[in-house]
Amino acid sequence: MQKQLRGKIDVFGTMMGLLAVLAWGSGPVFIRVLTGYLDAWSQNFWRYATALVFWLPFLLLAMRRGQVPRNVWKWALIPGIANVAMQCFWGWTFYFIEPG
């Protein structure tokens, strides 16, 4: 059984929770703010280009180490297509909804 701590705050857990809220909450804010300057296609392009720049070094490093199976691209094709479609629709919603 775990010992209960009363009156103590898990600082690391709290910081990670706040960081998660910031990460998940900042995307819709940026998309909504940029709707006046960029169309939906441009926003989706920049969102995916940014994700590519972030994740590509990790993927290439894992491939170089042999940690990624050769047929991973086949496995990721259908979920990837579904994800791109759903993310595009989600990004487009900010052009059609208004508060209130």
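Which helix does Asn44 lie in? Asn44 lies in helix 2.

## Basis of the model

This is a predicted model, in which local features need pLDDT of at least 70 and side-chain atom pairs count only at pLDDT 80 or more, while totals for chains, interfaces and linings use all residues. Residues are numbered from 1 along each chain as its sequence is written, and side-chain values use heavy atoms, with hydrogens and water left out.

## Overall form

The protein chain has three helices and zero strands. Helices (H or I, at least four residues) and strands (E, at least two) are DSSP runs, numbered from the N terminus. Along the sequence the pattern is α-α-α.

The radius of gyration of the protein chain is 19 Å, well over the 13 Å that the globule rule gives for 100 residues, so the chain is more spread out than a compact globule. The radius is taken over C-alpha atoms, and the globule rule is 2.2 Å times the number of residues to the power 0.38. The C-alpha trace spans about 50 × 50 × 20 Å along its principal axes.

Of the 100 residues in the protein chain, 9% are buried. Buried means under 20% relative accessible area, exposed means over 50%, and partly exposed is in between (1.4 Å probe, protein chains only). Contact means heavy atoms within 4.5 Å. Among contacts between residues at least 6 apart in sequence, 74% join residues at least 24 apart.

## Helix 2 and helix 3

Two packed helices are described by the angle between their axes and the distance between the axes. For helix 2 (residues 40-65) and helix 3 (residues 72-93), the axes come within 10 Å and cross at roughly 150 degrees. Axes are lines fitted to C-alpha atoms, for helices over the stretch in contact, and angles run from 0 to 180 degrees between N-to-C directions. Helix 2 and helix 3 are therefore roughly antiparallel to each other. Angles under 35 degrees count as roughly parallel, over 145 as roughly antiparallel, 65 to 115 as roughly perpendicular and the rest as oblique.

On the helix 2 side, the residues that meet helix 3 include Trp41, Asn44, Arg47 and Tyr48. Their partners in helix 3 include Trp73, Gln87, Cys88 and Trp92. By class, this contact has ten nonpolar, four polar and one charged residues. Ala, Val, Leu, Ile, Met, Phe, Trp, Tyr, Cys and Pro count as nonpolar, Asp, Glu, Lys and Arg as charged, and the others, Gly among them, as polar.

## Residues in helix 2

Asn44 is buried, with a relative accessible area of 4%. Not counting residues up to four places away in sequence, Asn44 touches Gln87, Cys88, Gly91 and Trp92.

Gln43 is also in helix 2 and is buried, with a relative accessible area of 6%. Leaving aside neighbours within four places in sequence, Gln43 is in contact with Ile31, Leu34, Thr35, Leu38 and Tyr95. Ala49, in helix 2 too, counts as buried at 18% relative accessibility. The C-alpha atoms of Ala49 and Val72 are separated by 21 Å, with the two residues 23 apart along the chain.

## Leu34 in helix 1

Leu34 is found in helix 1 (residues 11-34). At 32% relative accessibility, Leu34 counts as partly exposed. Beyond its neighbours within four places in sequence, Leu34 is in contact with Gln43 and Tyr95. Leu34 and Gly80 are 46 residues apart along the chain, and their C-alpha atoms are separated by 25 Å.
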